[in-house]
Amino acid sequence: LQAYERRFPTCPLIPMFVASDTVSEYRSEDEAIHVIERRCKLDIDAPRLLKKIAGVDYVYFVQKNSLNRRDRTLHIEAYNETFSNRVIINEHCSYTVHPDNEDWTCFEQSASLDIKSFFGFESTVEKIAMKQYTSNIKKGKEIIEYYLKQLEEEGITFVPRWTPPVACKSESSTSHLRRPVSPAINIPESATKEGLNNKEILNTSSSPAEPTAGTPDDKLDADYIKRYLGDLTPMQESCLIRLRQWLQETHKGKIPKDEHILRFLRARDFNIDKAREILCQSLTWRKQHQVDYILDTWNPPQVLQDYYAGGWHHHDKDGRPLYVLRLGQMDTKGLVRALGEEALLRYVLSINEEGLRRCEENTKVFGRPISSWTCLVDLEGLNMRHLWRPGVKALLRIIEVVEANYPETLGRLLILRAPRVFPVLWTLVSPFIDDNTRKKFLIYAGNDYQGPGGLLDYIDKEIIPDFLGGECMCEVPEGGLVPKSLYRTAEELENEDIKLWTETIYQSASVFKGAPHEVLIQIVDASSVITWDFDVCKGDIVFNIFHSKRAPQPPKKDSLGAHSITSPGGNNVQLIDKVWQLGRDYSMVESPLICKEGESVQGSHVTRWPGFYILQWKFHSMPACATTNLPRVDDVLASLQVSSHKCKVMYYTEVIGSEDFRGSMTSLESSHSGFSQLSAATTSSSQSHSSSMISR
């Protein structure tokens, strides 16, 4: 507040803010309440012709600031005085205390613009208003930080909290002792985009965050952050909390651990929108392919155990798990011919899952956060055989999958004994590697790794593998040529690949504008229970449930072709004939549910009649604004995010027969949901109802 007040009566950092006068002011006797109203003079950056037509050089706004020191809140309201009969502008800002950390300030800002008429220049005025407002939003943080720095230069680094005067201490002691709780913060769809909504969390305390009241697992505890997450700036902590809260609101308990969320934030330089997008895609991918269970349910083929020249080997000097890969000794062509691409990919995924587990163990052992591992790649023996095209293709695909789903897990990559052919391989694979990851690569040719700045700078002498001149026996397989007798035909490999990655109960579907995806469920006995569990991978959809006494015609199926593991495709099946009429040929048994991109939805419906039930996922179109012909800003921003009229869903449905349903919905708890085990805890979404319920 001390910094904010310095913006008045004028602010040099806001050229359009010319002057301000105090209209009214009120202070309570105990100094807890302070309300001040100002009339602000603004020089709007508008065309001279427009100003001449309007007959004004300056625009006046009225701003009312209401400070409550007792509750530690500041509310700011502003509205235009000039042209108020033609243009209505309302703005509201609020500063409140963060509910989980009282050393943090929550800042929320919103505004509305309604142009009734403006001499035929309505569109121009709207653009000018949007431009000015967006510019102010971008500069708001810069301005408050400028005045905070100014205060620090003057020696003011701490402002004591308000306390009630002695005379009224007894009557207000109760409210003083009670910690104020500010409303929870919802992370908006376009939290980091330009628009009419802007939410920010600023750390305004120069002291370390105090441990907040709550359970020992309180994620905002300073000791927890230091112990498990490492050094984070206040803004980075803020981003982590906001993204985690958004996940809690949309994924209902199936939340990855903070360390995992932090990896995705770091991979996108703490841009919440970008991190949220790739994290949601990764969680969907993990769920579809049941990656969480890979260490418990999948045993690598013997060929991999014998000829894949890689394995875990102690740790580096920073405590990171160390993975050794003798790529030069590995017969990549033989492994691809004997196993296929999918088996190799699955093996690499199991290595990464093991790496995550080892990071957690080392964090406990060393008492400091360890979230990544070191990889040592020995290229001794690398030759043109390793550049076999299908092998390189498999390598590129593996890199693509790992980059998308295990960001910021590679702490350092040591490439040793790089031969002459290495630049050729590097040219092929480097474009697929993220820039941040590439910065972690250290490449040594010949025996350079033995000199200054070499291996000893990163790995203790006692654990350098014997094949690199060290004294430690390394149990990593030596690789070698895979016998051709183990090679398999292309048809065998293709069938095996399908088998490997169809071990999932979830199905994918594409939804287009005008072409919904529909699933038919036939019910013989009334009072059966239809359950569903689906994720909205892309776009917004409307979920419907219909009932018909007669079966629809055979489905029109439009296969969308083969898709890779990183981009699971799907089918589009339409069952409801265009000549069918709602209310005559079929009826709606549940209210439509609008589902946003990234949401997970689970629910159930107790059937009342036998017959045919149709689950439908339909493209959700943005409704036109009812009160004006102008599109809303939110609609415009949303339309810019959707590049095509296409949505994707991943779903699972199951029917529980009436003989198995005893009236208790505990039997409907999703034992098949397969949600990420990265979650510290998973809660059930199903509830007890005699009719259907959809939980989000």
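This is a predicted model: local features need pLDDT of at least 70, side-chain atom pairs count only at pLDDT 80 or more; totals for chains, interfaces and linings use all residues.
Stop 1: Start by selecting Leu304, Tyr308, Leu335 and Leu379. In the largest nonpolar core, which has 52 residues, these four touch the most other members. Now colour the elements around them: α10 (302-307), β9 (321-325), α11, α12 (341-366), β10 (373-378), α13 (389-405), β11 and α14 (422-429) each supply at least two residues of this core. Which helix gives the most to this core? Pick out α12, with nine residues in it.

**Stop 2: Leu379 up close.** Zoom in on Leu379 and skip its neighbours within four places in sequence. What is left in contact with Leu379 is Leu327, Gly328, Ile415, Leu416, Arg417, Ala418, Pro419 and Phe422.

**Stop 3: helix α11.** Select residues 332-339 next, which make up α11. Is this helix mostly covered or mostly open? Mostly covered, with six of its eight residues buried. To see them, show Thr332, Gly334, Leu335, Val336, Ala338 and Leu339. Step past the end of α11 and you land on Gly340, where phi is positive, near 95°.

**Stop 4: an arginine inside.** Move to strand β11 (residues 410-418) and click on Arg412. Buried or exposed? Arg412 counts as buried because its relative accessible area is 15%, and the cut-off for buried is under 20%. Show what Arg412 touches beyond four places in sequence: Asp316, Asp318, Arg320, Trp373, Thr374, Cys375, Lys440, Leu442 and Tyr458.

**Stop 5: the cysteines.** Select every cysteine and look for disulfides: the count comes to zero. Take Cys474, which is in no disulfide; the nearest cysteine sulfur belongs to Cys472 and is 7.1 Å away. A pair would have to be within 2.5 Å to count. Cys474 is buried, at 13% relative accessibility, and Cys106 is buried too, at 4%.

**Stop 6: strand β23.** Finish with Val655, in strand β23 (residues 646-656). With 38% relative accessibility, Val655 is partly exposed. Setting aside residues up to four places away in sequence, Val655 touches Ile521, Ile523, Ser528, Val529 and Ile530.

Note on methods
Residues are numbered from 1 along each chain as its sequence is written. Side-chain values use heavy atoms; hydrogens and water are left out. Buried means under 20% relative accessible area, exposed over 50%, partly exposed in between (1.4 Å probe, protein chains only). Helices (H or I, at least four residues) and strands (E, at least two) are DSSP runs, numbered from the N terminus. Contact means heavy atoms within 4.5 Å. A nonpolar core is a set of buried Ala, Val, Leu, Ile, Met, Phe, Trp, Tyr and Cys residues joined through side-chain atoms within 4.5 Å.
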